[in-house]
Amino acid sequence: MILKILFIVSILLQLVAALVAIRLIRATKYNASWILISIALTIMTLTRIGDFVRFIIGKDFALSVEVIVWLGILVSLCFTIGVFMIPKVLNYIFDMERQKRISSERIVNIVIQTEERERMRFSKDIHDGLGPLLSSAKMSVSALASTQMTDEQTEIIKNTNMVIDEAVKSLKLISNNLSPHILNNFGIERAVENFIRKFERICDSKITFVSNLKHIRLQSNIEIILYRIICEMINNTIKHSGATEAYIELKLNDTELELIYKDNGCGFDVDAVTHNNSGMGLSNIISRVESIKGEVVIESSEARGTEFLVKIHSVKWNEVQ
């Protein structure tokens, strides 16, 4: 009875292996090596079934020695040739993964480039559309202020002027946040310094920024993505971590660019946030870094703050005065 059970288990295992191999033929694009391995497994399964039938019936109707030998040679030949040709299957799989990775990177790059183009368009539309209207309104109000008016009317005109001035400031701020002109004209270091100065005016956090890129301009896409990453990190620090201090270091060593970001906030569980996709800001940072073929390491734990290390290799740059 035990021998019969073992026979059945053996047949089932070989049958499953043969069926899986046959199903994978299509997935491997009918590769010859996998077809040969599938044939060998099928012959072995049929042979095992024949042995089981002979065992159950109790009659010996074994095949001739020549047939058994030839079947064994066929199975061995199929396995041998299949194994030697397996690298083609592996190369196919690796190539598919590489193509998938390249496609993913292209999609991310297209999304980022489209986002930046739209930011620039919105910034230009806001600046060129609302800017002249507010300027015209201010000129009209100023002209009205020069006429003879009561004290109450003068106060209304004064308040209106103040509102228009605030609207102009807000317009410039929104336009600059959408497409920072300092970044385009003066580079990443000046743009980050300007962002930090504006940020420190509205929050109590102290941000220290160190950089060796004073007279260096990087590739446009790298500068834009680094700027967005740093802004995202600072926003996350203020909104979520409750940090009072942050440290940013941006340095270029030959052709390797390194960004270090630290804060003394509450920290978070990196694995939980990454695997659950619960942090859109964190996902944006990672996808942006990967889009420029960089790597990012994140270390954080509760009550011990957060540290980002971003490395970008083979960076092209030029020195400006």
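Modeller: Helix 7 (residues 220–241) lies across strand 1, strand 3, strand 4 and strand 6 in this predicted model, and runs at about 10° to strand 4. From its first C-alpha to its last, helix 7 reaches 31 Å with its 22 residues, close to the 32 Å expected at 1.5 Å a residue. After helix 7 comes G242, which has a positive phi near 70°.

The sheet under discussion is open and has five strands in the order 1-3-4-6-5, with mixed pairing. Strand 1 (206–211) and strand 5 (294–300) each have a single partner strand and stand at the edges, so one side of each is left without a neighbour in the sheet. From one strand to the next, the twist averages 10°.

One pairing can be followed residue by residue. Strand 4 (residues 256–263) and strand 6 (residues 306–312) run antiparallel and are joined by seven bridges. K262 has E307 in strand 6 as its bridge partner. Helix 6 (residues 188–202) also packs on the sheet, where it touches strand 1 and strand 3 (245–253). The direction of helix 6 makes about 170° with that of strand 1.

Last, the cysteines. The structure holds zero disulfides. C231 has a relative accessible area of 10% and is therefore buried, the cut-off being under 20%. C266, at 37%, is partly exposed, because that value falls between the 20% and 50% limits.

Notes: Residues are numbered from 1 along each chain as its sequence is written. This is a predicted model: local features need pLDDT of at least 70, side-chain atom pairs count only at pLDDT 80 or more; totals for chains, interfaces and linings use all residues. Side-chain values use heavy atoms; hydrogens and water are left out. Two strands pair if DSSP finds at least two bridges between them. Helices (H or I, at least four residues) and strands (E, at least two) are DSSP runs, numbered from the N terminus. Axes are lines fitted to C-alpha atoms, for helices over the stretch in contact, and angles run from 0 to 180 degrees between N-to-C directions. Contact means heavy atoms within 4.5 Å. The expected span of a helix is 1.5 Å times one less than its number of residues. A disulfide is a pair of cysteine sulfur atoms within 2.5 Å. Buried means under 20% relative accessible area, exposed over 50%, partly exposed in between (1.4 Å probe, protein chains only).
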